[in-house]
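This report is written for someone meeting the structure for the first time. It goes through selected contacts, surroundings and surface features in turn.

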Amino acid sequence: NVGITRFEPRPLPATPSHYEAYLEVRNHSDTSKNVVLQVSGAGSRGARREVVLEPGQTQGEIFDLGSFRRGPIRAAVTARGDSLDVDNFAYSYLPNPTTKRVLLVSSGSAYLETLLELDPRVELQRSTPEEYVEGTAADVTIFDRHAPDAPPNRPYMVFRPPRRDWLQVDGEEIAQPEVGTWDRDHRVLETVALEDLVVDRAVGARDNEAHLLAGSSTVPLILAGTEPTRWLLFAFALEDSNLPLLPGFPILFSNALSWLSGEPNVVSRSAGAVEIPMRSAGVTTLEGTEVPSYTMGERSYFETEEPGIYLAANDKERLHVAVNFNGDNA
């Protein structure tokens, strides 16, 4: 048997709007196999490649998806004498990055300005802290070492803010805090590794209602929340860390803008009992057929043995779910 063990579209670090796909295939048989790999999707003639796999060999291939339209994509493998069909196909979904109006409130940050100027999805507006006016039309506002007196009513990101009661920042400076751990499952840190992150100094932050993305419960470094709007808090300034120099920083920033602005996301799951990271989610196929679902705690679930793309949604967000037979990383 020859089957797909992983199928993962991912943005390129230098150009987050450009995607490539990683397709991994394994030869489970005791003879060598000539295998045809194909990736197809809307707006493209697809991509085809032939490889030879030795007995027990696993091989990964990269496919450029630059010509693909946003939407469902499918990987397929064929090999003569293959004894099992269910793992010959895998599905995923290319998100549709929309243009975002981003307001940067800063006295000057080369890292943020460069990254935002290079992102083709961003319409950048600038303001100094003194010029900032609450209510300025923007999809996401980024506060760099500044925070307004009252919480914004639109999604925002804030770096090393001064003390504000609504932010629960105590203003105490912490030298060389340990990164501790990070939430690899949260959309903001998807495909981002922080083991090499070094922070020279940060401010003490507390928020019992927030989700800890990185740091520790005693010294949070990155927090996320959804009430009363979506927000991200970095307890340190970019200039006080090596985060902008890490390979995953452009992806983290792209993930953050997508999450804050509510762009539909895609997650991969295996067939069977499918878990969705949202409450009270209604589930449909892409054709609009309803699929029974239920909620337990902070997550929703539905059951299916049919691989494909499903849409989960509640009153706050939408999520594409790619269901395959080859595990959560398919």
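## Salt bridges

A salt bridge is a side-chain nitrogen of Lys or Arg within 4 Å of a carboxyl oxygen of Asp or Glu. A search of the whole structure finds 16 salt bridges. This is a predicted model, in which local features need pLDDT of at least 70 and side-chain atom pairs count only at pLDDT 80 or more, while totals for chains, interfaces and linings use all residues. Residues are numbered from 1 along each chain as its sequence is written, and side-chain values use heavy atoms, with hydrogens and water left out.

Arg-154 forms one of these bridges with Asp-139, their closest N and O atoms being 3.9 Å apart. The pair links distant parts of the chain, 15 residues apart: Arg-154 is in the loop between strand 10 (140-144) and strand 11 (156-159), and Asp-139 is in the loop between strand 9 (122-127) and strand 10. Helices (H or I, at least four residues) and strands (E, at least two) are DSSP runs, numbered from the N terminus. Arg-154 is partly exposed, with a relative accessible area of 36%. Here buried means under 20% relative accessible area, exposed means over 50%, and partly exposed is in between (1.4 Å probe, protein chains only).

## Two further pairs and a network

Arg-160 forms a salt bridge with Asp-240, and the closest N and O atoms are 3.9 Å apart. Arg-160 lies in the loop between strand 11 and strand 12 (169-175), and Asp-240 in the loop between strand 17 (231-234) and helix 2, so the pair ties together parts that are 80 residues apart in sequence. Asp-240 counts as buried because its relative accessibility is 10%.

In the bridge between Arg-299 and Glu-275, the closest N and O atoms are 2.4 Å apart. Because Arg-299 lies in strand 23 (residues 299-304) and Glu-275 in strand 19 (residues 272-276), the pair ties together parts that are 24 residues apart in sequence. Arg-299 is partly exposed at 38% relative accessibility, whereas Glu-275 is buried at 19%. Salt bridges that share partners also join Arg-160, Glu-173, Arg-201 and Asp-240 into one network.

## Helix packing

Helix 1 (residues 110-118) and helix 2 (residues 249-260) pack at an angle of about 70°, with axes 11 Å apart. Axes are lines fitted to C-alpha atoms, for helices over the stretch in contact, and angles run from 0 to 180 degrees between N-to-C directions. The two helices are therefore roughly perpendicular to each other; angles under 35 degrees count as roughly parallel, over 145 as roughly antiparallel, 65 to 115 as roughly perpendicular and the rest as oblique.

Which residues meet between the helices? Leu-112, Leu-115 and Leu-116 of helix 1 meet Phe-249, Pro-250, Phe-253 and Leu-257 of helix 2.

## A buried alanine

Ala-21 belongs to strand 2 (residues 19-27) and is buried, with a relative accessible area of 0%. Apart from neighbours within four places in sequence, Ala-21 is in contact (heavy atoms within 4.5 Å) with Phe-7, Glu-8, Pro-9, Glu-61, Ile-62, Phe-63 and Leu-65. Ala-21 and Gly-81 are 60 residues apart in sequence and 26 Å apart in space, C-alpha to C-alpha.

Leu-84 sits in the loop between strand 6 (71-79) and strand 7 (89-94) and is partly exposed, at 38% relative accessibility.

Phe-89, in strand 7, is partly exposed with a relative accessible area of 31%. Phe-89 and Gln-38 are 51 residues apart in sequence and 9.6 Å apart in space, C-alpha to C-alpha.
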